[in-house]
Amino acid sequence: MVNAPQVVFVTGASSGIGAAAARELAARGHRVIATMRNPKRDGPAVTRGYKKNLEAVRCDVTDRATVDEAVAFTLERHGRIDALVNNAGYLLLGTIEDLSDDEILSQFDTNVVGSMRTVQAVLPAMREQGSGTIINVSSAAGRMTGPAFGGYSATKYAIEAVSEALRFEVAPWGIKVVIVEPGTHRTEAQFDNLRVAQAVLEGRSLYQGPVEALIEGHRRYAAGRPGPRSVGSIIADLVETGDPLPVRVPVGDEAAQIFSMRAAMTDEEFETALRNLGNEGFPGAYFAAEHELNTN
(Lines give C-alpha, C1' and ligand atoms only; values in the text may rest on other atoms or scores of the structure.)
Protein backbone atom coordinates (compact mmCIF):
# COMPACT_ATOMS: atom_id res chain seq x y z
CA MET A 1 0.00 0.00 0.00
CA VAL A 2 1.07 3.59 -0.66
CA ASN A 3 1.61 5.29 2.70
CA ALA A 4 2.29 8.87 1.56
CA PRO A 5 -0.73 11.17 1.08
CA GLN A 6 -1.93 11.24 -2.51
CA VAL A 7 -3.38 14.18 -4.44
CA VAL A 8 -6.68 12.91 -5.85
CA PHE A 9 -8.94 14.65 -8.38
CA VAL A 10 -12.55 13.40 -8.19
CA THR A 11 -15.26 14.30 -10.71
CA GLY A 12 -18.98 14.18 -9.99
CA ALA A 13 -18.30 14.55 -6.28
CA SER A 14 -21.44 16.46 -5.29
CA SER A 15 -23.25 13.31 -4.17
CA GLY A 16 -23.39 9.54 -4.39
CA ILE A 17 -20.28 7.53 -5.22
CA GLY A 18 -18.19 10.61 -6.01
CA ALA A 19 -18.91 12.23 -2.65
CA ALA A 20 -18.38 8.93 -0.82
CA ALA A 21 -15.02 8.40 -2.52
CA ALA A 22 -13.89 11.97 -1.84
CA ARG A 23 -14.77 11.77 1.85
CA GLU A 24 -13.22 8.32 2.30
CA LEU A 25 -9.99 9.47 0.68
CA ALA A 26 -9.93 12.57 2.86
CA ALA A 27 -10.59 10.47 5.96
CA ARG A 28 -7.50 8.45 5.09
CA GLY A 29 -5.39 11.60 4.94
CA HIS A 30 -5.21 12.19 1.19
CA ARG A 31 -5.53 15.64 -0.38
CA VAL A 32 -8.73 15.65 -2.38
CA ILE A 33 -10.07 18.02 -5.00
CA ALA A 34 -13.79 17.20 -5.14
CA THR A 35 -15.14 18.67 -8.36
CA MET A 36 -18.77 19.46 -9.09
CA ARG A 37 -20.86 21.86 -11.15
CA ASN A 38 -22.10 23.89 -8.17
CA PRO A 39 -19.62 23.85 -5.27
CA LYS A 40 -21.35 26.74 -3.48
CA ARG A 41 -24.52 24.69 -3.21
CA ASP A 42 -23.17 21.16 -2.84
CA GLY A 43 -19.65 21.65 -1.51
CA PRO A 44 -20.35 22.26 2.20
CA ALA A 45 -22.03 18.89 2.72
CA VAL A 46 -19.18 17.05 0.99
CA THR A 47 -16.31 18.85 2.73
CA ARG A 48 -17.88 18.92 6.21
CA GLY A 49 -15.40 17.52 8.72
CA TYR A 50 -12.53 17.35 6.23
CA LYS A 51 -11.94 20.96 5.17
CA LYS A 52 -8.20 20.75 5.82
CA ASN A 53 -7.64 18.24 3.03
CA LEU A 54 -10.85 18.20 0.97
CA GLU A 55 -11.74 21.12 -1.27
CA ALA A 56 -14.81 21.55 -3.48
CA VAL A 57 -13.97 23.03 -6.89
CA ARG A 58 -16.16 23.91 -9.85
CA CYS A 59 -15.86 21.59 -12.83
CA ASP A 60 -18.43 20.69 -15.47
CA VAL A 61 -17.03 17.79 -17.49
CA THR A 62 -19.05 18.90 -20.54
CA ASP A 63 -17.11 22.19 -20.57
CA ARG A 64 -13.44 21.72 -21.43
CA ALA A 65 -12.52 25.16 -20.08
CA THR A 66 -13.76 24.33 -16.58
CA VAL A 67 -12.00 20.95 -16.68
CA ASP A 68 -8.72 22.61 -17.62
CA GLU A 69 -9.20 25.31 -14.96
CA ALA A 70 -9.89 22.74 -12.22
CA VAL A 71 -6.83 20.69 -13.18
CA ALA A 72 -4.65 23.83 -13.33
CA PHE A 73 -5.95 24.87 -9.89
CA THR A 74 -5.05 21.46 -8.49
CA LEU A 75 -1.54 21.57 -9.92
CA GLU A 76 -1.00 25.10 -8.64
CA ARG A 77 -2.28 24.13 -5.19
CA HIS A 78 -0.54 20.76 -4.81
CA GLY A 79 2.04 20.50 -7.57
CA ARG A 80 0.89 17.09 -8.78
CA ILE A 81 -2.10 14.82 -9.42
CA ASP A 82 -1.54 11.26 -8.27
CA ALA A 83 -4.97 9.86 -9.06
CA LEU A 84 -8.04 10.73 -11.09
CA VAL A 85 -11.42 9.30 -10.10
CA ASN A 86 -13.59 9.73 -13.19
CA ASN A 87 -17.05 9.43 -11.70
CA ALA A 88 -19.17 12.20 -13.26
CA GLY A 89 -22.22 10.84 -15.06
CA TYR A 90 -25.94 10.27 -14.79
CA LEU A 91 -28.55 7.59 -15.35
CA LEU A 92 -31.17 8.20 -18.05
CA LEU A 93 -33.95 5.66 -18.53
CA GLY A 94 -35.90 5.35 -21.77
CA THR A 95 -36.31 2.96 -24.67
CA ILE A 96 -34.16 3.41 -27.74
CA GLU A 97 -37.16 4.53 -29.79
CA ASP A 98 -38.10 7.17 -27.21
CA LEU A 99 -34.70 8.80 -26.73
CA SER A 100 -34.28 12.10 -28.57
CA ASP A 101 -31.06 13.17 -30.27
CA ASP A 102 -30.50 15.75 -27.53
CA GLU A 103 -30.98 13.18 -24.77
CA ILE A 104 -28.57 10.72 -26.39
CA LEU A 105 -25.92 13.33 -27.16
CA SER A 106 -26.15 14.91 -23.71
CA GLN A 107 -25.68 11.56 -21.97
CA PHE A 108 -22.67 10.65 -24.11
CA ASP A 109 -21.17 14.12 -23.64
CA THR A 110 -21.29 13.75 -19.86
CA ASN A 111 -20.66 10.06 -19.32
CA VAL A 112 -18.12 9.36 -22.07
CA VAL A 113 -16.66 12.51 -23.63
CA GLY A 114 -16.55 14.19 -20.21
CA SER A 115 -14.42 11.36 -18.85
CA MET A 116 -12.12 11.59 -21.86
CA ARG A 117 -11.75 15.37 -21.43
CA THR A 118 -10.66 14.88 -17.84
CA VAL A 119 -8.19 12.15 -18.74
CA GLN A 120 -6.70 14.40 -21.42
CA ALA A 121 -6.37 17.23 -18.90
CA VAL A 122 -4.50 15.24 -16.23
CA LEU A 123 -2.24 13.11 -18.43
CA PRO A 124 0.47 15.73 -19.10
CA ALA A 125 1.15 16.08 -15.38
CA MET A 126 1.05 12.33 -14.80
CA ARG A 127 3.45 11.73 -17.68
CA GLU A 128 5.85 14.31 -16.27
CA GLN A 129 5.65 12.62 -12.85
CA GLY A 130 6.12 9.19 -14.39
CA SER A 131 3.21 7.86 -12.36
CA GLY A 132 -0.52 8.12 -11.81
CA THR A 133 -3.72 6.16 -11.35
CA ILE A 134 -6.86 6.66 -13.43
CA ILE A 135 -10.02 5.09 -12.00
CA ASN A 136 -12.91 5.14 -14.46
CA VAL A 137 -16.26 4.45 -12.82
CA SER A 138 -18.36 2.30 -15.13
CA SER A 139 -21.24 0.10 -13.95
CA ALA A 140 -22.57 -3.42 -14.03
CA ALA A 141 -24.56 -1.90 -16.91
CA GLY A 142 -21.25 -1.60 -18.74
CA ARG A 143 -21.25 -5.34 -19.35
CA MET A 144 -24.96 -6.19 -19.54
CA THR A 145 -28.14 -4.29 -20.24
CA GLY A 146 -31.91 -4.51 -20.37
CA PRO A 147 -34.96 -2.60 -21.58
CA ALA A 148 -34.86 1.19 -21.08
CA PHE A 149 -31.17 0.99 -20.11
CA GLY A 150 -29.83 0.92 -23.67
CA GLY A 151 -28.67 4.54 -23.85
CA TYR A 152 -27.09 4.52 -20.40
CA SER A 153 -25.47 1.13 -20.95
CA ALA A 154 -24.08 2.31 -24.28
CA THR A 155 -22.17 5.04 -22.44
CA LYS A 156 -20.82 2.57 -19.89
CA TYR A 157 -19.85 0.04 -22.56
CA ALA A 158 -17.96 2.93 -24.15
CA ILE A 159 -16.17 3.72 -20.89
CA GLU A 160 -15.02 0.09 -20.76
CA ALA A 161 -13.59 0.33 -24.29
CA VAL A 162 -11.91 3.69 -23.63
CA SER A 163 -10.36 2.36 -20.44
CA GLU A 164 -9.00 -0.81 -22.03
CA ALA A 165 -7.36 1.20 -24.83
CA LEU A 166 -6.02 3.76 -22.37
CA ARG A 167 -4.30 1.07 -20.28
CA PHE A 168 -2.11 0.17 -23.26
CA GLU A 169 -1.46 3.77 -24.25
CA VAL A 170 -0.27 5.19 -20.92
CA ALA A 171 1.51 2.17 -19.41
CA PRO A 172 4.94 3.28 -20.72
CA TRP A 173 4.76 6.31 -18.38
CA GLY A 174 3.94 4.26 -15.30
CA ILE A 175 0.28 5.31 -15.36
CA LYS A 176 -2.27 2.71 -14.25
CA VAL A 177 -5.90 2.49 -15.40
CA VAL A 178 -8.69 0.48 -13.79
CA ILE A 179 -12.44 0.19 -14.37
CA VAL A 180 -14.74 0.10 -11.33
CA GLU A 181 -18.09 -1.60 -11.99
CA PRO A 182 -20.63 -1.01 -9.20
CA GLY A 183 -23.91 -2.84 -9.17
CA THR A 184 -27.01 -0.97 -8.05
CA HIS A 185 -26.42 1.12 -4.94
CA ARG A 186 -28.78 3.38 -3.00
CA THR A 187 -27.68 6.77 -4.31
CA GLU A 188 -29.32 9.98 -5.53
CA ALA A 189 -28.80 8.70 -9.08
CA GLN A 190 -31.62 6.22 -8.50
CA PHE A 191 -34.05 8.74 -7.02
CA ASP A 192 -33.91 12.57 -7.13
CA ASN A 193 -31.20 12.61 -9.80
CA LEU A 194 -32.72 9.89 -11.97
CA ARG A 195 -33.52 11.17 -15.46
CA VAL A 196 -36.31 9.77 -17.60
CA ALA A 197 -36.86 10.22 -21.32
CA GLN A 198 -39.13 13.18 -22.08
CA ALA A 199 -41.47 10.95 -24.07
CA VAL A 200 -42.18 8.96 -20.90
CA LEU A 201 -42.52 12.05 -18.72
CA GLU A 202 -45.09 13.43 -21.16
CA GLY A 203 -46.97 10.13 -21.35
CA ARG A 204 -46.51 9.69 -25.10
CA SER A 205 -44.21 6.67 -25.14
CA LEU A 206 -45.38 3.57 -27.00
CA TYR A 207 -43.77 1.67 -24.11
CA GLN A 208 -45.35 3.80 -21.36
CA GLY A 209 -46.71 1.08 -19.07
CA PRO A 210 -43.69 -1.22 -19.09
CA VAL A 211 -41.20 1.65 -18.68
CA GLU A 212 -43.16 3.13 -15.77
CA ALA A 213 -43.25 -0.34 -14.17
CA LEU A 214 -39.51 -0.70 -14.70
CA ILE A 215 -38.77 2.69 -13.12
CA GLU A 216 -40.92 1.88 -10.11
CA GLY A 217 -39.28 -1.54 -9.78
CA HIS A 218 -35.82 -0.08 -10.16
CA ARG A 219 -36.42 2.48 -7.42
CA ARG A 220 -37.94 -0.15 -5.13
CA TYR A 221 -34.94 -2.39 -5.69
CA ALA A 222 -32.41 0.43 -5.24
CA ALA A 223 -34.01 1.46 -1.94
CA GLY A 224 -32.98 -1.88 -0.45
CA ARG A 225 -29.40 -1.81 -1.73
CA PRO A 226 -26.29 -0.68 0.17
CA GLY A 227 -25.30 2.98 0.04
CA PRO A 228 -22.26 4.33 -1.83
CA ARG A 229 -19.73 4.12 1.01
CA SER A 230 -18.64 0.61 0.07
CA VAL A 231 -17.81 1.79 -3.46
CA GLY A 232 -15.96 4.81 -2.08
CA SER A 233 -13.90 2.53 0.15
CA ILE A 234 -12.87 0.32 -2.77
CA ILE A 235 -11.93 3.37 -4.83
CA ALA A 236 -9.74 4.58 -1.95
CA ASP A 237 -8.09 1.14 -1.76
CA LEU A 238 -7.29 1.35 -5.49
CA VAL A 239 -5.73 4.79 -5.04
CA GLU A 240 -3.55 3.49 -2.21
CA THR A 241 -2.39 0.19 -3.65
CA GLY A 242 1.13 -0.09 -4.93
CA ASP A 243 0.31 -3.31 -6.76
CA PRO A 244 -0.53 -3.67 -10.46
CA LEU A 245 -4.22 -3.01 -11.04
CA PRO A 246 -6.63 -5.43 -12.73
CA VAL A 247 -8.53 -4.30 -15.80
CA ARG A 248 -11.80 -4.14 -13.92
CA VAL A 249 -13.13 -4.41 -10.36
CA PRO A 250 -16.79 -5.40 -9.90
CA VAL A 251 -18.28 -3.94 -6.72
CA GLY A 252 -21.07 -5.58 -4.75
CA ASP A 253 -22.71 -8.98 -4.60
CA GLU A 254 -25.15 -8.09 -7.37
CA ALA A 255 -22.43 -7.26 -9.91
CA ALA A 256 -20.48 -10.41 -9.09
CA GLN A 257 -23.59 -12.60 -9.44
CA ILE A 258 -24.68 -11.01 -12.71
CA PHE A 259 -21.24 -11.31 -14.29
CA SER A 260 -20.90 -14.92 -13.15
CA MET A 261 -24.33 -15.79 -14.50
CA ARG A 262 -23.62 -13.99 -17.77
CA ALA A 263 -20.32 -15.81 -18.26
CA ALA A 264 -21.95 -19.20 -17.72
CA MET A 265 -24.79 -18.68 -20.21
CA THR A 266 -25.26 -18.25 -23.91
CA ASP A 267 -26.80 -14.98 -25.10
CA GLU A 268 -30.14 -16.71 -25.52
CA GLU A 269 -30.03 -18.29 -22.06
CA PHE A 270 -29.16 -14.98 -20.43
CA GLU A 271 -31.99 -13.18 -22.24
CA THR A 272 -34.43 -15.86 -21.10
CA ALA A 273 -33.18 -15.57 -17.52
CA LEU A 274 -33.82 -11.81 -17.54
CA ARG A 275 -37.32 -12.29 -18.93
CA ASN A 276 -38.15 -14.76 -16.15
CA LEU A 277 -37.11 -12.56 -13.22
CA GLY A 278 -40.68 -11.70 -12.20
CA ASN A 279 -42.11 -8.28 -11.44
CA GLU A 280 -40.05 -7.47 -8.34
CA GLY A 281 -37.23 -5.12 -9.22
CA PHE A 282 -35.92 -4.66 -12.73
CA PRO A 283 -35.86 -5.52 -15.58
CA GLY A 284 -38.44 -8.14 -14.66
CA ALA A 285 -41.02 -5.43 -13.92
CA TYR A 286 -40.79 -4.34 -17.54
CA PHE A 287 -41.50 -7.81 -18.91
CA ALA A 288 -44.35 -8.33 -16.45
CA ALA A 289 -46.02 -5.22 -17.88
CA GLU A 290 -45.34 -5.98 -21.55
CA HIS A 291 -48.96 -6.86 -22.14
CA GLU A 292 -49.76 -3.15 -21.81
CA LEU A 293 -47.82 -2.28 -24.93
CA ASN A 294 -49.86 -0.59 -27.61
CA THR A 295 -48.99 -2.55 -30.73
CA ASN A 296 -51.37 -0.74 -33.04
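Visitor: How much space lies in the second largest pocket?

Guide: A pocket is an open set of points on a 1 Å grid over the protein atoms alone, where a 1.4 Å probe fits, with protein on both sides within 12 Å along at least five of seven lines. Grid points are joined across faces, edges and corners, and a volume is the space filled by probe spheres set on the points. Here the second largest pocket holds about 210 Å³. This is a predicted model: local features need pLDDT of at least 70, side-chain atom pairs count only at pLDDT 80 or more, and totals for chains, interfaces and linings use all residues. Residues are numbered from 1 along each chain as its sequence is written, and side-chain values use heavy atoms, with hydrogens and water left out.

Visitor: Which residues line the second largest pocket, and which are closest to its centre?

Guide: Lining residues have an atom within 4 Å of a point. There are 13 of them, and Thr-145, Gly-146, Pro-147, Glu-271 and Leu-274 lie closest to the centre. Helices H10 (267-275) and H11 (284-288) each give two or more residues. H10 supplies the largest share, four residues. Helices are DSSP runs of H or I, at least four residues; strands are runs of E, at least two; both are numbered from the N terminus.

Visitor: How do the residues of that lining divide into nonpolar, polar and charged?

Guide: Ala, Val, Leu, Ile, Met, Phe, Trp, Tyr, Cys and Pro count as nonpolar, Asp, Glu, Lys and Arg as charged, and the others, Gly among them, as polar. The lining has seven nonpolar, two polar and four charged residues.

Visitor: Is Ala-148 buried or exposed?

Guide: Buried means under 20% relative accessible area, exposed over 50%, and partly exposed in between (1.4 Å probe, protein chains only). Ala-148 is buried, at 6%. Across the chain, buried residues make up 51% of the 296.

Visitor: What does Ala-289 touch?

Guide: Contact means heavy atoms within 4.5 Å. Leaving aside residues up to four places away in sequence, Ala-289 touches Gly-209, Pro-210 and Ala-213. Ala-289 belongs to the segment after H11 and is buried, with a relative accessible area of 5%. Tyr-207 is 82 residues from Ala-289 in sequence, yet their C-alpha atoms are 9.6 Å apart.
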